[in-house]
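Subject: Structure handover

Hello,

Here is the structure I said I would pass on. My notes on it come after the file.

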Amino acid sequence: MSADDLRPNEDALHPDVQPASDESARGQDGQRLQHAEAASKPIRAPATREPQPRGAKIRGDRPIDQAEAAERFLAAPLHQKAHDERLWDVRKKRDVATQAIPEWEELRELASQIKTHTLSHLDEYLEQFEAAAKANGVHVHWAADGAEHNRIVHGILKDHGAKTLIKSKSMLTEECGFRHYMAANGIDIIETDLGERIQQLDDEEPSHVVMPAVHKTRIDVAEVFARTLGTDPTNDDAHYLAESQRMTTRPHILQADAGMTGCNFAIAETGTVVTCTNEGNADLSGNVPKLQIHSIGIEKLIPRVEHLGVFIRVLARSALGSTITQYTSHFRKPRAGSEMHMVLVDNGRSARLGMEEFWTSLKCIRCGACMNTCPVYRRSGGLSYGATYSGPIGLIIDPTFNKRKYSTLPFSSTMNGSCTNVCPVKINIHEQIFAWRKVLAEEHQIPLLKQGMMKAAGAVLSRPAAYRAAIGTADSALRALPRFAVYNPLNTWGKGREMPETPKQSFHSWYKQNRMKDGAK
Amino acid sequence: MRIGLFVPCYVDAFEPEVGIATLELLERFGLKVEYPYDQTCCGQPMTNTGCHAEAAATEALFVKNFTEFDYVVAPSGSCVHQVREHLTAIPQTDAVKAVRSKTFELVEFLHDVLKIEELPWAEFPHKVAYHNNCNSLRGIHHARPSELNAPFFSKPLDLLKKVRGIEIVDLTRPDECCGFGGTFSVFEPAVSAKMGYDKVGDQARAGADYVVSADSSCLMHQKGCAERLGLPQKFIHIAQVLNGAVA
């Protein structure tokens, strides 16, 4: 067997992401695994240390400068290249997985409709869920916002004298600032998802909803682990690093006072919380300690178990190009001798449900497919968005949390629409980005410079004489068109690109000269 | 049948040859094509920046200019997408709705309305990478986007296949956005340029002599990126190739 036998059937993988000759990346049938988690080994650490670019600068409520953070990400070419090619590879695997089932588009439609139905009857399904969960012996709590969620969980821990909590990855708890709150209250939180654990140890937010540390190279991880776990700083072998993390995290898991998971799907008829993971860490978090807590965003509801199959089929294919996650775990009743709590969290969701143009963003199942396909995200890194949710879905969700702070994000997009096409629940993401721009401009949440430029452009473009005067001669086109096409006060076009040549004559004057000799209009 | 020719502002100013090729090509099919003299722009730069109020007067002017025609044809997928999907800053009178529904991008007009069968005058013996502008691809459905599990189709490639001697080369990321994105190109210049570099690099590696597209704006951006990187491929609008451009 040669190394060539182990290469996947990919034409143009970058050398850094080409698979190594590694038996562990083979399935039971001897074929190399094609889905993304099987290809996590090969990104070779760069020979020279390139510091990991950090995320957007956060200054209170001031608008995030995503472009500035993206520029710093681009200034780290090894990171940018690895990030872009890694995620593009996941996008391609997603294409292969979705092309493999003829009913794919039908499944998307079905998933979208189930979400539409559920969100349209959310009050009823939430009550049904609560009743079913209580009947199962679960303690059910309701939190209006992130702060209340944190207080409730803290209260549960205090009641049990719990000081340590293991948890699996949950974007909802990121939204709530849960880790920071608990740290301030003397509770030790241990993240059990590998990527999330890396981010916790590096005191950084997750940059991706499915791959929290995808913006880091192995050498970055080696550096973080050496600093925090005492590993060998020169050893960036993925297996060594993963095993080191496992060995240092296991004792925490076995000794933790309480465990927590997020929720992928909450089934109303049975009161079940379903989590989908590849590391089995949600099972450890939920099943090992005597006290278990599940945090649930209220939009996670689906009516019945029969609907789960639709979402299970679209989730992993969209996220990583695998047919299913390694673990699909159902948490329904407390185990004998243990106690089970569920916290249903609103945190802005019911308000969003009332937003005519934006409520369908609540359908999101956090697969990350829109991030993987987004050409801007792949070249900016998730941390450049300075928000819990990054990439296309972040652009339309983040402003609902803070319109001023995230007012710039809907502009960090070319509105190319690829996100909408990969979305497994058919959220019209790029159309919502467009709609957000309108809302933000109307509410004067866009820079005065930008709005002023558009006002000036509108004034010129609505008056033929002014427009003609502006571009009448070829040379002045570059000075005039400017307002809407080529120029701004910083001449940002010319910084990265050559300027277009100006032709001798506009189409308009050509037409006048060649087609209007007879005076006909 | 009266055809109104819309020549978008950046085509007017920077790529007059594209406007001329569009006019001549339509005339080759025996159509009477008129160019309303007071035209300017479709309103897209303002609308895409969220500034709908600022676009209203420009949109009204567009409708006024093109009301009297049976069809409005423009060599730009993104402008046609704007007219069809986003020309909403003014009250939606019957006249406005009519103009919006009868505005066609050149490729779809040739492919779907005229249903042309041959282009005997067209010969382009070069290796060509076709660039699907995102609005043309996902907004007005020129072709099957790579994300969807649906049968393959491509209106621009159908037309280009009628051109003698042309050889289409494949890109590794066939419909990845090139990063122009209208005002995105000036407000997010670093990411925009990087996307452009990656796109033109892909084209060069595919061995393309020419890049052909239904949108001059993307081509203008890509050309600027290719020149900055010193890459050899040239850029030409599909109207020029279909009109028999000799290059």
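This is a predicted model: local features need pLDDT of at least 70, side-chain atom pairs count only at pLDDT 80 or more; totals for chains, interfaces and linings use all residues.

Residues are numbered from 1 along each chain as its sequence is written, chains are lettered from A and ligands numbered from 1 in the order in which they are written, and side-chain values use heavy atoms, with hydrogens and water left out.

Chain B against chain A

In chain B, 69 residues are in contact (heavy atoms within 4.5 Å) with 82 residues of chain A. About 6600 Å² is buried between the two chains, 62% of it from carbon and sulfur atoms; buried area is the accessible area (1.4 Å probe) that two parts lose on being put together, summed over both. B:Phe14, B:Tyr37 and B:Asn149 supply 12% of what chain B buries there, more than any other three residues.

Eight salt bridges (a side-chain nitrogen of Lys or Arg within 4 Å of a carboxyl oxygen of Asp or Glu) are counted between the chains. In one that joins B:Glu27 to A:Arg515, the closest N and O atoms are 2.7 Å apart.

Domains of chain B

Chain B is divided into domain 1 (2–113) and domain 2 (127–242), with bounds from an automatic or database domain assignment. Their C-alpha centres lie 22 Å apart. The contact takes 27 residues from domain 1 and 21 residues from domain 2. One salt bridge is counted between these domains; B:Lys155 forms a salt bridge with B:Asp112, with 2.7 Å between the closest N and O atoms.

Regards
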